[in-house]
Amino acid sequence: RAAIQQAKGTCLLPFGILEKHGPHLPLGTDLLNVRFAALHAAEQEFAVVFPEYYFGQIFEAKHEPGTVAYSMELQLKLLQETTDEMARNGCKKVVIVNGHGGNEHLLPYFAQAQMAGPKDYVVYVLDGARSRPGGPAKKSAGVDYHAGENETSNTLYTHPELTHIDRAGRESGADQKRQNLPDFLYTGIWWYARFPQHYSGDGSVATKPLGEWNVQGWISTIVEAIRAVKADDASLRIQNEFYEKSKHPLDTPQ
């Protein structure tokens, strides 16, 4: 009760995943890193932090050992019931802090889906930060999406004991470029077509200073988000207005 009051009903849901991260990082890399960032942000600007949550979208890695890929229906149902339960316990401002690139379509859709029916709380989505301008110079060139220099550097900083950088060169994270489609066409197989080993970039050149720069920037963004959410007195009011008007769409002024 005291924590909810101190947080002004603002709660963080750090959202990770279980999947292969090259030959050198733990399966829970995204979850470990996003929780590190969220917990350290909450030290600077108080918020309630939800326990480990990794029930997201990762179908593209089902061919790799260790991937836990829940069905589409369960992902949405479990997330909805989780935020509902958070709200029932006083979390009227739920900030989903995304730590996994594969959730970048799922989570905005989930936020939009809250308009389907009345809720007494607001869902906010904060996307993950892979890197930010400035800081230590990167050593690698080209793509760096998954378990490459940035993510490996981040994990060197957050969980050095779980980072085996000496193994990073055992596999290639090069783009295989096995599709020839224009950028405006999307297919679900695009990731596997480009990175069939579920590794993108070169983790062997990672450094702890780069990870510190990236993660501290991420923490600062979360702190800023918490403060903005705490101060937000408009979203729930406007949301309730929408719910009421959606009951009688023919009465909505033109």
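Tutor: A salt bridge is a side-chain nitrogen of Lys or Arg within 4 Å of a carboxyl oxygen of Asp or Glu. The general idea is that side chains of opposite charge can pair when their charged atoms come close. Keep in mind that this is a predicted model.

Student: How many salt bridges does the structure hold?

Tutor: There are 12. Take Glu45 and Arg227: their closest N and O atoms are 2.9 Å apart, and they form a salt bridge. Glu45 sits in the loop between H2 and S2, while Arg227 belongs to helix H7, so this pair ties together parts 182 residues apart in sequence.

Student: Is Glu45 buried or exposed?

Tutor: Buried means under 20% relative accessible area. Glu45 has 18%, so it counts as buried.

Student: Which residue does Arg35 meet in a salt bridge?

Tutor: That's Glu52, at 3.3 Å from N to O. This pair also links distant parts of the chain, with Arg35 in helix H2 and Glu52 in the loop between strand S2 and helix H3, 17 residues apart. Arg35 is buried at 14%, whereas Glu52 is partly exposed at 45%.

Student: Where do Lys245 and Glu241 lie?

Tutor: Both are in helix H8, 4 residues apart, which is about one turn of the helix. Lys245 is partly exposed at 42%, and Glu241 is partly exposed at 41%.

Student: Which residues are linked in a network of salt bridges?

Tutor: Look for Lys20, Glu64 and Glu171, which are joined that way.

How values were computed. Residues numbered from 1 in each chain as written. Predicted model: local features only at pLDDT ≥ 70, side-chain atom pairs only at ≥ 80, totals over all residues. Heavy atoms only, no water. Helix = DSSP H or I, 4+ residues; strand = E, 2+ residues; numbered from the N terminus. Buried < 20%, exposed > 50% of the residue type's maximum accessible area, 1.4 Å probe, protein only.
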